[in-house]
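Me: Can you walk me through this structure? I'll ask as I go.
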Amino acid sequence: MRELRIAAVADIHLGEDLRGHYRKKIEGIERRADVLLVGGDLTRHGTIAEGRVVAEELSGLPIPVVAVLGNHDYHSDHNQEIVDVLRDAGITVLDDEGAVVPVDGVRLGVAGGKGFGGGFAGKCASEFGEPETKAFVRHTKDIAERWRRALKELDADHKIVLSHYSPVKDTLMGEPPEIYPFLGSYMLAEAADAEGADLFIHGHAHAGTEKGVTPGGIRVRNVALPVIKHAYTVYCLNGDDC
Amino acid sequence: METPHYVAARVQRALAEDERTTELGIRVDVRGEQVYLRGQVSCDERRHQIENVAREAAPGLHVHNEITLVEVREPGEEEHL
Ligand SMILES: [Fe+2]
Ligand SMILES: [Fe+2]
């Protein structure tokens with residue numbers, strides 16, 4: 001089986017003021033990567049107009065593009081319209097589901113969505129008390145459950161989880177610990193560890209660090225633009241020739 | 001004088017909630033009458049908007065804009081997993 005080259009980025013936060021800029025940086029991406037994964041916070045305010053800028057910047061590439069939304073893309077309550085705009089432009093958008101992307105006969109399975117917060121084992125919120133607290137925790141729990149199912153159902157040679165929120169603390173290093181519960185949840189890692197995956201990609205933590213690992217040993221990469229400081233990073237998944 | 005702690009909280013909220021900025025990742029520190037803004041953004045216009053919103057939220061204080069621009073570079077080396 002051949003090696004798979006996964007380009008990944010998150011938090012591109014596009015708007016009218018950046019139209020055309022990001023596109024310039026990803027020209028020729030097909031020479032470096034087989035697929036581009038985009039981990040949410042595609043826009044700043046989550047407006048449909050910004051969604052159209054994102055669609056323009058990411059569409060028509062010679063390689064498949066798979067994306068999830070981030071919290072910013074929900075801000076104007078037009079998340080569903082943004083998903084539609086992106087899908088119309090040929091981008092695969094995962095909303096707590098999986099998809100198989102064929103790459104030269106290799107089936108790459110990607111599962112995920114926006115994700116959510118709650119914190120990390122031992123220091124996390126639990127489904128207890130006020131309805132607001134319960135709703136917060138249950139939102140993450142439901143998402144994690146859907147990801148687990150999506151991963152299980154993926155019939156693929158390699159599996160990647162694509163998220164906006166982080167599954168681990170490792171990649172939050174550099175962020176104030178007080179806000180960790182708003183940056184991710186261990187439940188996302190638990191879902192991935194239960195079904196297995198080759199890589200977990202996320203963004204959201206602009207001040208975090210790139211590399212981490214789940215308790216079950218899945219490599220985690222925070223590809224938020226301010227973290228990787230490049231238009232995207234390329235991760236190679238071992239083929240037989242690698 | 002207003003407690004610096006609350007000034008910082010107000011500026012931070014303004015930066016997150018004001019439609020001109022919607023920036024969640026800016027660090028705001030207030031020392032006496034000095035307000036320090038730190039973080040990274042992707043263009044100069046956004047850096048200026050952040051300063052404007054911060055000034056409005058902290059009238060009379062001296063705002064230091066220490067925000068840096070992220071220069072998005074061409075992709076570098078790949079990692080083999
Ligand atoms: Fe972001
Ligand atoms: Fe985010």
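Reply: One term to begin with: a salt bridge is a side-chain nitrogen of Lys or Arg within 4 Å of a carboxyl oxygen of Asp or Glu. By that rule there are four salt bridges across the interface of chain B and chain A. This is a predicted model, where local features need pLDDT of at least 70, side-chain atom pairs count only at pLDDT 80 or more, and totals for chains, interfaces and linings use all residues. Residues are numbered from 1 along each chain as its sequence is written, chains are lettered from A and ligands numbered from 1 in the order in which they are written, and side-chain values use heavy atoms, with hydrogens and water left out.

Me: What does A:Lys25 form a salt bridge with?
Reply: B:Glu71, with the closest N and O atoms 3.8 Å apart.

Me: Where is A:Arg44, then?
Reply: In the loop between β2 (35–39) and α2 (48–58) of chain A. A:Arg44 counts as buried because its relative accessibility is 9%. Buried means under 20% relative accessible area, exposed over 50%, partly exposed in between (1.4 Å probe, protein chains only).

Me: What is A:Arg44 in contact with?
Reply: Leaving aside neighbours within four places in sequence, its contacts include A:His13, A:Asp17 and A:His72, and, from chain B, B:Arg20, B:Thr21 and B:Arg46. The side chain of A:Arg44 reaches the backbone oxygen of B:Thr21 at 2.9 Å. The backbone oxygen of B:Arg20 lies 3.3 Å from a polar atom of that A:Arg44 side chain.

Me: Switching to the metals. What coordinates the iron ion (ligand 1)?
Reply: A:Asp11 (OD), A:His13 (NE2), A:Asp41 (OD) and A:His206 (NE2), at 2.0 to 2.3 Å. Donors are N, O and S atoms within 2.8 Å of the metal (3.2 Å for Na, K and Ca); water is not among the atoms, so sites may look incomplete.

Me: And the iron ion (ligand 2)? Which residues coordinate that one?
Reply: A:Asp41 (OD), A:Asn71 (OD1), A:His164 (NE2) and A:His204 (ND1), at 2.1 to 2.2 Å. A:Asp41 coordinates both iron ions, which are 3.4 Å apart. A:Asn71 lies in the loop between β3 (65–68) and α3 (79–88) of chain A and A:His164 in the loop between β9 (158–163) and α5 (186–195), so this pair ties together parts 93 residues apart in sequence.

Me: Are A:Asn71 and A:His164 buried or exposed?
Reply: Both are buried.

Me: Why is the arrangement around the iron ion (ligand 2) irregular?
Reply: Because its four donor atoms subtend angles of 87 to 158 degrees. Four donors count as tetrahedral if all angles lie between 85 and 135 degrees; four count as square planar and six as octahedral if opposite donors are over 155 degrees apart and all others between 65 and 115; anything else is irregular. The site of the iron ion (ligand 1) is irregular too, with angles of 85 to 169 degrees.

Me: Last one. Where is A:Asp96?
Reply: In the loop between β4 (92–93) and β5 (97–103) of chain A. The side chain of A:Asp96 makes a polar contact with the side chain of A:Trp147 at 2.8 Å.

Notes
Helices (H or I, at least four residues) and strands (E, at least two) are DSSP runs, numbered from the N terminus. Contact means heavy atoms within 4.5 Å. A polar contact is a pair of N or O atoms within 3.5 Å; within protein, one must be able to donate a hydrogen and the other to accept it, and residues adjacent in sequence count only if both atoms are side-chain atoms.
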